[in-house]
Amino acid sequence: MTRFPLRLTTSADDRLATAIAAIRTDLDLPAAFSASVELEAQRAVAANPLPHLDLTDVPFITIDPEGSTDLDQAVQIERLGEGYLVRYAIADVPAFVEPLGEIDAEARRRGQTFYAPDGRIPLHPTIISESAASLLPNEVRGAFVWQFSLDADGAVLSTKLSRARIRSIRQLSYVEAQHEIDEGAGRDAGGPDITLMLLAEVGPARRALERVRGGASLSRPEQIVFSRDGHYTLERRSSLPVEEWNAQISLLTGMEAARIMIAGRVGILRTMPAPDADTIERFRLRTEALGHPWPESMPYGEYLASLDSNDPLQLAITHAAGSLFRGAGYTAFDGEVPEQAIQAAVAAPYAHTTAPLRRLVDRFTLVVCEALCAGETPPRWARDALPTLPKIMAASDSRASQLDNRSIAAIEGALLSDRIGDVFDASVISAKESRGVIQVIDPAVDAECTGRLTPGERVRARLVEADIETGRVLFELVA
């Protein structure tokens with residue numbers, strides 16, 4: 001991970017703050033919750049009864065980005081014969097949200113938690129999302145507990161879902177969890193470290209199954225911005241192995257949720273069409289042009305997993321692979337299972353269900369799945385909401401994407417605003433005719449560049465424009 005704290009002049013700092021505030025206004029992002037929403041949240045927290053089933057003796061742990069307080073998931077893994085027993089607890093947000101009440105209405109307006117450089121805009125009041133419903137360590141909380149029996153290869157043998165009270169006994173960041181796994185902590189001991197060590201077995205096993213079924217993930221270095229110690233920070237980071245293993249547990253849960261809803265003929269799926277033959281052929285030709293051809297016999301998921309983003313040529317390929325991951329959306333159904341039920345990147349039916357504190361649709365998935373697993377009909381309020389959710393989530397996803405892209409652009413403009421004329425080392429990500437996109441090595445900036453560029457090559461580029469208000473950054477190729 002590379003981190004670049006911004007040390008700006010007072011003028012640039014003020015301009016950046018103004019630009020970020022303008023982005024919030026332009027996108028019509030929500031402000032503070034109304035007094036009526038906060039009051040309903042306080043009443044819900046005061047009245048919330050815990051589930052009868054008591055699983056507080058199960059040593060759940062949470063693994064999240066550093067500093068997280070809205071903890072949606074907790075995991076516990078143990079050996080079961082030659083296989084595994086995986087318990088995955090998801091925050092019981094429905095317990096705090098009255099159907100069609102004030103919190104519900106406001107959550108439908110927001111759709112998700114928005115992450116701005118100057119602070120997040122939560123989906124639910126923080127008394128719920130960062131306290132009463134969050135699976136914080138050493139606190140008894142209600143949760144939807146998924147229980148999966150897996151064989152030695154990580155394949156699902158059985159699935160159960162029930163509401164229960166749990167207690168996470170440890171909160172870990174991804175960095176801390178990876179360090180403990182690498183150090184082999186707790187390999188022969190009891191307690192939460194066993195979960196970490198078994199996660200390092202189950203995660204790769206599930207990843208192997210993903211490759212067999214033809215699933216794929218696109219792993220690019222991320223640009224992340226946030227405020228720390230009064231200064232904005234821009235990071236470029238790649239995922240740690242433990243993040244990918246943890247994500248496999250979430251994928252497993254989403255696939256099982258989709259299977260349950262399809263069997264019950266009611267629910268909402270996260271869908272994405274497979275890339276068409278022309279798109280695949282164009283990408284295949286691109287890999288050949290970049291000197292790292294995609295073998296005909298290799299599934300595209302396995303090929304993408306083999307790419308090294310530290311290699312400029314292969315980084316360019318990962319960006320070109322974005323063409324294979326288009327058209328994702330949500331598909332609601334009640335009575336008739338949709339014809340297009342597959343999420344192509346997962347290579348299976350899939351549903352969002354593991355982040356109800358931060359994403360609206362997950363709350364409905366949990367309620368529907370709980371009812372179906374109990375042999376009951378999902379509640380009418382949930383079924384009535386299903387057809388409205390795809391449009392809500394599409395609008396919310398669009399705003400979140402614009403917020404992220406525009407915030408990064410503004411901060412890049414601020415970072416480079418006093419360096420016009422300087423020359424930087426970079427790699428070419430993509431190119432077309434007389435311009436393209438480069439990834440500057442230091443600082444971690446992706447930007448437009450003019451000149452005759454070749455994807456994957458290392459270049460020197462001169463900064464010619466860096467505007468904070470518009471976020472426009474432009475380089476020119478140095479001959």
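**Close-up views of a predicted model**

**View 1. Strands S7 and S8 make a hairpin.** Five residues lie between S7 and S8 in this hairpin, and Gly 154 in the turn has a positive phi of about 90°. Strands here are DSSP E runs of at least two residues, numbered from the N terminus, and two of them pair if DSSP finds at least two bridges between them. S7 (residues 140-150) has nine of its eleven residues buried, meaning under 20% relative accessible area with a 1.4 Å probe, protein chains only. Eleven bridges tie S7 to S8 (residues 156-173) in the antiparallel sense, with Ser 149 partnered by Ser 158. S4 (residues 83-91) also runs antiparallel to S7, over eight bridges, and there Tyr 88 stands opposite Trp 146.

The model is predicted: local features need pLDDT of at least 70 and side-chain atom pairs 80 or more, while totals for chains, interfaces and linings use all residues. Residues count from 1 along each chain as its sequence is written, and side-chain values use heavy atoms, leaving out hydrogens and water.

**View 2. Two aromatic pairs.** The whole structure holds eight aromatic pairs (ring centres within 6.5 Å, using the six-membered ring of Trp; planes under 30 degrees apart are stacked, over 60 edge-to-face, the rest tilted). Trp 146 and Phe 148 have ring centres 6.0 Å apart and planes at 15°, so they're stacked. Phe 424 and Phe 475 sit with centres 5.6 Å apart and planes at 90°, so that pair is edge-to-face. Phe 424 is in S13 and Phe 475 in S17, 51 residues apart.

Technical notes. Buried < 20%, exposed > 50% of the residue type's maximum accessible area, 1.4 Å probe, protein only. Helix = DSSP H or I, 4+ residues; strand = E, 2+ residues; numbered from the N terminus.
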